[in-house]
Amino acid sequence: MDIEGETFDDLLRKSLQLLLERGHPIEPTKKKAIELIGVCLRLENPRARFSRTENRGVLYSALGETLWYLSGSDEFDPIEYYIQGYRKHCGSPPADVKSSEAAYGPRLASQMEFIKEQIRKRDTRKAVISIYRQADQQNQYDVPCTCILQFFPRSGALHAMAQMRSNDVYMGMAHDIFAFTMLQELLARSASLEVGTYIHQVGSFHLYDKDRTKAEKYLKRGVPDTVPMDAMPEGDPEGGLSWLLGMERALRVGKAMPDASDIDPYWQDLARLLQVRQLRKAKDRVGLRAIREGMHTKVYHTFIQDEISKA
Ligand code: 5HM
């Protein structure tokens, strides 16, 4: 089953329609759902990776999760800062278990240099990151849902494909597509390539019964409106990314923030985005307005405006 779309919302809308029309009921350990087996999504504009309507809250948690992956960490604390109850999604290990046995970060980190080299080779078919490994069959609490990520440098563009054994279409997919297309863009920039198409292949493509009403409401709401993110600055993104990772850590643990004077506005805007949730929790409307005014891009305005209203 193939689904094509220009934006994330195109894909989400078509996916939910298809699941509601043709999904089969299943009852796995993690609650009832409807499922289709073997679905392939094609996202023509991988920068159109977040929805302004459906998953605007997800923008913040998806960015947090992406940075957690890219930091190489497997600890629960940093990700629970962005996604409360993350441990529960990972099978609720006892409190003394501080790290996730299925975390993607360390697995990505150990394969990044190989991938960066591979994508510089013309038309390679070997640029594969393995997330899932045989040892995961013995995991006690959690098993990665992503099996491999593959990258294809072709005619000046970098296409990417994720293969997932299992994907929760209403919640998980928004996070996964956000993270994997960010990785695609980072790698494309590191090899001076344009961003190509993103392909998302899923074994068990499912919608939990608990999300059914929300999915139906989303479909009734009409024209979806994914906003494409700005293009990452050209050149090696390493400096900008490591600054952003430093900022993320500083904001999360309350340390001094790194100097931003040489940092491209693209990265500075992402760091501003990370500050939004803290300011909203503190009901700091003045601070939130300052973040909105300080943004170089207009892409996140609706999202910040929403947080100002809630504060
Ligand atoms: O029983 P299973 O391990 O497949 O349950 C994990 C649940 O989290 C599934 O609904 C799966 O689709 C979802 N999930 C996801 O959508 C989990 C991960 C974590 O690897 C993910 N996306 N990245």
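## Ligand contacts

An oxygen atom of the ligand is 3.0 Å from a polar backbone atom of C145, a polar contact here being a pair of N or O atoms within 3.5 Å. The protein covers 78% of the 500 Å² of accessible area that the ligand has on its own (Shrake-Rupley, 1.4 Å probe).

This is a predicted model, where local features need pLDDT of at least 70 and side-chain atom pairs 80 or more, while totals for chains, interfaces and linings use all residues. Numbering runs from 1 along each chain as its sequence is written, and side-chain values use heavy atoms, with hydrogens and water left out.

## The shell around the ligand

There are 13 residues around the ligand (a heavy atom within 4 Å). The closest are Y104, R165, D176, H206 and Y208. By class, the shell splits into 5 nonpolar, 4 polar and 4 charged residues.

## Aromatic pairs

Counting rings of Phe, Tyr and Trp with centres within 6.5 Å, there are 7 aromatic pairs. F50 and Y300 make a stacked one (planes under 30 degrees apart), at 6.1 Å centre to centre and 25° between the planes. This pair links distant parts of the chain, 250 residues apart: F50 is in strand β4 (residues 50–51), and Y300 in the loop between α11 (285–294) and α12 (301–310).

Notes
A polar contact is a pair of N or O atoms within 3.5 Å; within protein, one must be able to donate a hydrogen and the other to accept it, and residues adjacent in sequence count only if both atoms are side-chain atoms. Ala, Val, Leu, Ile, Met, Phe, Trp, Tyr, Cys and Pro count as nonpolar, Asp, Glu, Lys and Arg as charged, and the others, Gly among them, as polar. Rings of Phe, Tyr and Trp (its six-membered ring) pair if their centres lie within 6.5 Å; planes under 30 degrees apart count as stacked, over 60 as edge-to-face and the rest as tilted. Helices (H or I, at least four residues) and strands (E, at least two) are DSSP runs, numbered from the N terminus.
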